[in-house]
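Welcome to this short tour of a protein model.

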Amino acid sequence: MSPRPLRHPCDLTDVPGTPWPPRVPSRVPVSPPVSPQEVDMGLAADVGTLQRLPKIVGSQSLVNELALTARRMMAPEAHSCGLVSRVFPDKAALLGGALEVAVAVAARSPVAVQGTKANLLYARDHPVPEGLRYVATWNMAMLQTEDIPRAVGAALDKKGPEDVTFARL
């Protein structure tokens, strides 16, 4: 099987093996709206949208269009641009998918989950070398937790993280 061709995340062309268009109604809005609608009220977006959205989407022209026109972005477009990881056909499927993710996250070490979240947020706003220094310092401090030997022991016993009793935060 040949690898998928590289494409821009907002490229809406078909890729073999990928259902396209996504099997959702095309007029399902992403909620909350991802376009900074402050411009409709005479303001510049001031909660970090203008600073973060270009890094997430990777297309300055799309960000400019959304920010300057307050156009609402629909679910398929948000998915193709990487703003959402999945699109569900209905509310029941959405809730089921969200619960699956919640169960998977809850099965992991709370110390590791919180550390990962903090480091993802730090890495988003800092250059790679700073992020690497931050995670190294973070992990040195977190080596005190009993979660690491428990997780390693479970892996050696061929058990999953859901079989381990991790420390509480």
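## The overall layout

From the N terminus on, the elements of the protein run α-α-α-α-α-α-α. In other words, the protein has seven helices and zero strands. Both kinds of element are DSSP runs numbered from the N terminus, with at least four residues (H or I) for a helix and at least two (E) for a strand.

Residues are numbered from 1 along each chain as its sequence is written, and side-chain values use heavy atoms, leaving out hydrogens and water.

## How confident is the prediction?

The predictor's confidence in each residue is called pLDDT and goes from 0 to 100. For this protein the mean pLDDT is 79, and 79% of the residues reach 70 or more. Among the elements, helix H4 (residues 91–106) has the highest mean pLDDT, 95, and helix H1 (residues 49–57) has the lowest, 84.

Over residues 1–26 pLDDT stays under 50, and the model has 30 contacts for them beyond four places in sequence; a contact means heavy atoms within 4.5 Å. Residues 30–36 also stay under 50, with 19 such contacts. Where pLDDT is low, the predicted coordinates should not be read in detail.

Of the 169 residues, 23% count as buried. Buried means under 20% relative accessible area, exposed means over 50%, and partly exposed lies in between (1.4 Å probe, protein chains only). The protein exposes about 12000 Å², and carbon and sulfur atoms supply 62% of that area. Such areas come from the Shrake-Rupley method with a 1.4 Å probe; for residues, only the protein chains shown count as cover.

## Charged partners

How many salt bridges are there? The count comes to three, where a salt bridge is a side-chain nitrogen of Lys or Arg within 4 Å of a carboxyl oxygen of Asp or Glu. Asp125 pairs with Arg124, their closest N and O atoms being 3.0 Å apart. Salt bridges that share partners join Glu65, Arg71 and Glu77 into one network.

Arg71 counts as partly exposed because its relative accessibility is 26%. Glu65, at 36%, is partly exposed as well.

## A look at helix H7

Helix H7 covers residues 147–156, and Ile148 is found there. Ile148 has a relative accessibility of 38%, so this residue counts as partly exposed. Together with Leu143, Val152 and Leu156, Ile148 makes a nonpolar surface patch of about 400 Å². Patches are made of residues with over 30% relative accessible area and no salt bridge; like charges are joined within 9 Å, and nonpolar side chains (Val, Leu, Ile, Met, Phe, Trp, Tyr) within 5 Å.

Asp147 also has its place in helix H7. Asp147 is buried yet has no salt bridge, and the nearest side chain of opposite charge, Arg150, is 4.2 Å away. Here Lys and Arg count as positive and Asp and Glu as negative, while His and the chain ends are not counted. Leaving aside neighbours within four places in sequence, Asp147 is in contact with Ser109, Pro110, Val111, Phe166 and Ala167.

Key. Predicted model: local features only at pLDDT ≥ 70, side-chain atom pairs only at ≥ 80, totals over all residues.
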